[in-house]
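This briefing concerns the secondary structure elements of one model and how they are arranged. Please examine the sequence and the coordinates shown below before reading on.

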Amino acid sequence: MKKTNKLNDYDTFVEKFKPKRTTDDCYTPPAVYEAIKGWAMKEFNIAPDRPIVRPFYPGGDFEHYNYPQGCVVIDNPPFSILAKIKRFYLERGIHFFLFAPSLTLFSSRVEELTHILTNSIITYENGAKVNTAFVTNLPSPNVFMTAPDLAQLIKEADAQRPKAELPALDFPANVITSARLNKIASLVSFEVPRTEARFVRTIGTARKGLYGGGLLISSARAAQAAQAAKTAQAAKTAQAAKTAKYELTPEEQAIVADLDKQRGILS
Ligand SMILES: C[S@@+](CC[C@H](N)C(=O)[O-])C[C@H]1O[C@@H](n2cnc3c(N)ncnc32)[C@H](O)[C@@H]1O
């Protein structure tokens with residue numbers, strides 16, 4: 001019994017030091033936020049004197065936040081309670097333009113809202129990369145819209161982020177690192193016998209260090225490695241091209257026919 005408590009204490013202790021990577025803890029880089037806010041204000045004709053508020057922050061309580069008259073919430077909320085947030089604002093007539101997870105964008109109150117898709121993978125301050133879309137109750141006739149101009153603005157703002165990545169290294173094909181192998185490991189079988197490999201920590205006259213160490217392999221095996229990389233690339237492309245095909249049921253076709261008729265009446 002005592003042992004279990006100790007373990008739990010230790011787990012709690014370790015947990016505190018783990019960087020949080022859930023979407024609820026994704027902090028928006030300021031340049032990305034400003035780009036999105038600027039686009040939303042223009043696209044939805046938000047008057048410059050309307051207060052823009054951000055009620056979502058650590059320890060925040062959006063249900064008891066002091067919303068100024070006529071304000072617009074433009075913020076990145078915790079995605080796990082997005083349905084509750086939308087309901088709260090819709091019930092109180094508070095305008096919002098919220099970040100939302102792209103994959104589950106059409107999740108609640110769908111037909112009352114406008115959904116904006118840009119296929120933007122935003123890198124948040126905690127390093128998490130999330131395909132992010134947006135949802136708003138600002139006046140618009142559209143239930144959804146794509147926004148290539150917003151995509152471009154986000155891309156430009158994201159590029160301002162200091163990049164932590166290492167410079168790309170161009171190693172000869174005879175050098176194998178685990179990073180290189182991981183690119184093919186789930187797609188292609190490739191083996192090298194011990195007799196055709198030597199462990200090295202550095203390569204070249206500059207004694208460039210190989211992160212995690214590496215192996216020099218024979219030229220014949222290097223040619224096989226290059227071929228394996230090509231096969232893996234082709235498999236990735238083929239995987240990406242695979243799409244499931246679904247047909248509409250007669251009931252769904254009737255809904256579409258109804259919508260077509262409706263459009264005929266309106267235009
Ligand atoms: C995805 S983060 C975004 C933070 C910030 N809005 C931004 O754009 O960088 C969501 C934030 O909402 C906070 N949060 C969680 N529940 C909340 C609530 N009920 N009311 C207000 N904020 C909350 C989280 O602690 C977290 O800081």
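The model is predicted: local features need pLDDT of at least 70, side-chain atom pairs count only at pLDDT 80 or more, and totals for chains, interfaces and linings use all residues. Residues are numbered from 1 along each chain as its sequence is written.

**Helices**
- Helices (H or I, at least four residues) and strands (E, at least two) are DSSP runs, numbered from the N terminus.
- H7 covers residues 250–266 and reaches 24 Å from its first C-alpha to its last, close to the 24 Å expected at 1.5 Å a residue; the expected span is 1.5 Å times one less than the number of residues.

**Six-stranded sheet**
- An open sheet has the order E1-E2-E3-E5-E4-E6, with mixed pairing; two strands pair if DSSP finds at least two bridges between them.
- Its edge strands are E1 (52–53) and E6 (144–146), each pairing on one side only.
- Strand E4 (residues 114–123) pairs with E6 in the parallel sense over three bridges, and Leu-117 stands opposite Thr-146 in E6.
- Helix H4 (residues 148–159) lies across E4 and E6, running at about 25° to E4.

**Three-stranded sheet**
- A further open sheet has the order E7-E9-E8, with antiparallel pairing.
- Strands E7 (175–176) and E8 (197–203) are the edges, and each pairs on one side only.
- Two bridges join E7 to the antiparallel strand E9 (residues 208–217), where Leu-215 stands opposite Ile-176.

Key. Contact = placed C-beta atoms within 7 Å. Axes fitted to C-alpha atoms, helices over the stretch in contact; angles between N-to-C directions.
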